[in-house]
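Student: I would like to go through this model by question and answer. Please show it first.

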Amino acid sequence: MTDNEPLLPKSPTESVALSQATVISPFLPQAAAGSFLLQPMPDNQGIAPQPFHNPFLPVKTFKPPFLGQTIPVEGKFYSIGGPIGDGGFGNVYACTDEWGNALAAKILVPKGQTYEQVRDSWTRELRNLLVLRHPNITYVHDAFEWQDTFYLVIERCSMTLDRIITMPTLLPEWWLPHVARDVLQGLHYIHAQGYVHKDIHPGNVFVAQSFDRMVPEKEPVWSFKIGDLGISRLEGEINAFNTVLAQWMMPPEALDPGQFGLIGKKTDIYHVGLLLLALLLKQMPTFSQEQVLQGVPRQLAERHPSKFGPIIAKALRRHVWDRTGTAIDFWRELRTVM
Ligand SMILES: Nc1ncnc2c1ncn2[C@@H]1O[C@H](COP(=O)(O)OP(=O)(O)O)[C@@H](O)[C@H]1O
Ligand SMILES: [Mg+2]
């Protein structure tokens, strides 16, 4: 059996009779979400508020799926395959629907968080994914709660960009415009909706390959899609001192907002700059906080012999007001040297 073939339940009616996954509206006010007092997820490294649990209510136990399991959701069936990824909040499994679509089931399980905190992150990612629909953003097919576990069913991609960056055969100059065009197009859309992604890096850019089912021997069509919108925020909601950013990709404004400006859309521009620099270098560079504050990432891009170097360097300027203005400006500048 290939990866794309659906694993149908032996007896669909039997599975339905057992139970049905709960489909939760991400737009429900949190108070309506269940019998728990919901605790807001702290946005940074601060101490998480202790969850309140009513002793008269049952404790929720997460039950991750297993290979070959069939999950019934509103008259549809999803078949779970093997694990394909592991992230900050949970695991990702290959999954198929009855149409034979190759999907990924992203399961949010607590790693030190409570049921309510995980539910909050899941609801936030779902809300972002439902609002932000674009060909260069991974497409969410479904979202539900099943056996006290939160599921997002997303189009399955072949790999993440970090796998490609380090390929020995990679020709950076050839790849760069293709990756940049797709990532910047997705980012332009996110920004146009008033959102900031805040977590763009090669591990969150997905490579989608679409195959022609009627002529399977045809080469697949490649595209790049921004995924993992879990910490995206409306720009107006961002507080520079209260925000989640991975340590290793801290932009100058996260380290010293007084000098360099505020976290916002330009932070995503900086991260695309780092991503494209990684493509040129064929590895993800890491910088110390001192190096970031000294502008070493920009200097590295400037010194690179590639014709794209100076354009990437502008996206890596330390002061947000000196940086490339928008995602489409970034693309226009890249086009001038192509
Ligand atoms: N749609 C998908 N298709 C294929 N693999 C995926 C998909 N979504 C996630 N993965 C895999 O799971 C990993 C973690 O997923 P991600 O959405 O980035 O979650 P996290 O918030 O935990 O970082 C990815 O690096 C990738 O390997
Ligand atoms: Mg991720």
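Student: Which residue in E6 is the bridge partner of leucine 103?

Tutor: This is a predicted model, in which local features need pLDDT of at least 70, side-chain atom pairs count only at pLDDT 80 or more, and totals for chains, interfaces and linings use all residues. Residues are numbered from 1 along each chain as its sequence is written, and chains are lettered from A and ligands numbered from 1 in the order in which they are written. Strand E4 (residues 102-108) and strand E6 (residues 149-155) are antiparallel and share 6 bridges; strands are DSSP runs of E, at least two residues, helices are runs of H or I, at least four residues, both numbered from the N terminus, and two strands pair if DSSP finds at least two bridges between them. Leucine 103 has as its bridge partner in E6 glutamate 155.

Student: Why does ligand 1 lie between two domains, and which are they?

Tutor: The shell around ligand 1 has 20 residues, the closest being Gly85, Gly87, Val92, Ala104 and Asp228; a residue is near if its C-beta atom, placed from the backbone, lies within 6 Å. Strand E2 (76-86), E4 and E6 each supply at least two residues of that shell. Domain bounds come from an automatic or database domain assignment. Both domains give residues to the shell, so ligand 1 lies between domain 1 (27-156) and domain 2 (159-336).

Student: Is lysine 198 buried or exposed?

Tutor: Lysine 198 is in the loop between strand E8 (195-196) and E9, and has a positive phi of about 75 degrees although it is not a glycine. A residue is buried if 20 or more other C-beta atoms, placed from the backbone, lie within 10 Å of its own, exposed if 12 or fewer, and partly exposed in between. Lysine 198 has 23 C-beta neighbours inside 10 Å, so it counts as buried.
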